[in-house]
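My notes are below, in the order I went through them.

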Amino acid sequence: MSVLKKLEEKIQNLFEGSFSRTFKSPVQPVELARKLVKEMEDHKVVSVSRIYAPNEYRLFLSPSDMDQFAAYEEQLKADLADYLIEHARKEKYDVLSRPIIILESDEDLNVGEFGIATRMVSAPVDQSAAGGGAAVAAPPPAFSPEVSQTVVYRPLPSADGTMSVSAEEARRMGLAHDKVTLTMGDRVFEINRRVTLLGRSRQCDVVVPDSNVSRRHAEIRQQGDDFVLVDLGSTNGVEVNGKRVETMTLKNGDVLTMGTTRVRFERQI
């Protein structure tokens with residue numbers, strides 16, 4: 001079992017057992033962890049020889065959800081920081097300190113909604129403070145500690161009831177009357193976000209367990225009413241209906257081949 005998976009279980013276990021009787025918030029701790037990683041990816045800074053990740057993460061919760069987390073706040077913040085530093089170590093990102101998690105209440109949020117804002121802050125720490133082997137680095141060139149725009153995530157119904165997407169994504173999805181799926185063997189993945197990442201990494205939205213597939217192999221992006229496949233510079237490329245492509249607008253019934261794995265794209269209007 002991977003370290004990230006073990007950390008996910010640890011975060012989830014914090015709210016199981018005796019805690020589960022009182023913890024009623026639809027905001028799931030594991031979903032917070034996954035969305036924090038998404039924000040780390042979205043706001044990383046690439047320099048000539050390094051990739052820098054944000055080290056401060058502000059989590060905004062509705063007053064009711066904040067009350068639910070209050071009794072476990074310090075443990076949750078520690079576990080979320082561990083999760084982020086392990087992801088940074090795994091991806092070989094540099095951080096300026098151990099990730100700082102700040103929980104704040106926001107009356108503009110409804111129960112089940114949460115917002116995330118990130119930034120890089122210069123915080124001198126011991127090398128060991130990062131934990132997990134992730135590098136603590138000097139600030140990147142043109143370092144600016146500006147706070148990112150807050151991204152708000154709202155619950156969206158899904159097969160397992162746990163997925164949420166940002167308000168911006170929800171406005172752009174336009175999936176009220178469309179059902180878009182990827183079928184890989186006997187597994188079916190519903191596409192209900194603006195960008196869907198495919199690859200071998202466990203951090204992908206669609207994990208393709210194939211040694212010939214790159215860790216971050218390709219994306220399916222919704223652009224207006226279209227769904228566009230984009231090769232992310234994968235080692236072995238992507239084929240659609242037997243033809244290698246770099247980018248292509250998908251249509252119902254198209255078959256994607258990554259490595260030795262075939263994935264069928266279906267869109268029911």
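**Ground rules.** I am working from a predicted model, where local features need pLDDT of at least 70, side-chain atom pairs count only at pLDDT 80 or more, and totals for chains, interfaces and linings use all residues. I count residues from 1 along each chain as its sequence is written, and side-chain values use heavy atoms, with hydrogens and water left out.

**Salt bridges.** I started with a search of the whole structure, which gave 15 salt bridges. My cut-off is a side-chain nitrogen of Lys or Arg within 4 Å of a carboxyl oxygen of Asp or Glu.

I looked at helix 2 (residues 29-42) next, where Lys 35 and Glu 31 sit four residues apart, about one turn of the helix. Helices here are DSSP runs of H or I with at least four residues, strands are runs of E with at least two, and both are numbered from the N terminus. The side chains of Lys 35 and Glu 31 form a salt bridge at 2.5 Å, N to O. Buried or exposed? I checked, and both Lys 35 and Glu 31 are buried. For that I use relative accessible area: under 20% is buried, over 50% is exposed, and partly exposed is in between (1.4 Å probe, protein chains only).

Lys 38 has 25% relative accessibility, so I logged it as partly exposed. Asp 42 is at 46%, so it also goes down as partly exposed.

Then I checked Lys 44, which bridges to Glu 41 with the closest N and O atoms 3.1 Å apart. Lys 44 is partly exposed at 27%, whereas Glu 41 is buried at 11%.

Which residues are linked in a network of salt bridges? I have Glu 56, Arg 58, Glu 104 and Arg 119 down for that.

**Positive phi.** I noted Lys 92, which has a positive phi of about 65 degrees although it is not a glycine. I placed Lys 92 in the loop between helix 4 (73-91) and strand 4 (94-95). It is exposed, with a relative accessible area of 70%.

I also noted Asn 241, a residue other than glycine with a positive phi near 55 degrees. Asn 241 lies in the loop between strand 16 (238-240) and strand 17 (243-245). At 45% relative accessibility, I logged Asn 241 as partly exposed.

**Ring pairs.** How many aromatic pairs does a search of the whole structure find? I got two. The rings of Phe 114 and Tyr 153 have centres 5.3 Å apart and planes at 25 degrees, so I call the pair stacked. My rule pairs rings of Phe, Tyr and Trp (its six-membered ring) if their centres lie within 6.5 Å; planes under 30 degrees apart are stacked, over 60 edge-to-face, and the rest tilted. This pair links distant parts of the chain, with Phe 114 in strand 6 (residues 114-119) and Tyr 153 in strand 8 (residues 151-155), 39 residues apart. Both Phe 114 and Tyr 153 are buried.

For Phe 227 and Phe 265, I have ring centres 6.1 Å apart and planes at 50 degrees, so that pair is tilted. Phe 227 lies in strand 15 and Phe 265 in strand 20 (residues 261-268), so the pair ties together parts 38 residues apart in sequence. At 1% relative accessibility, Phe 227 counts as buried, and Phe 265 is buried too.
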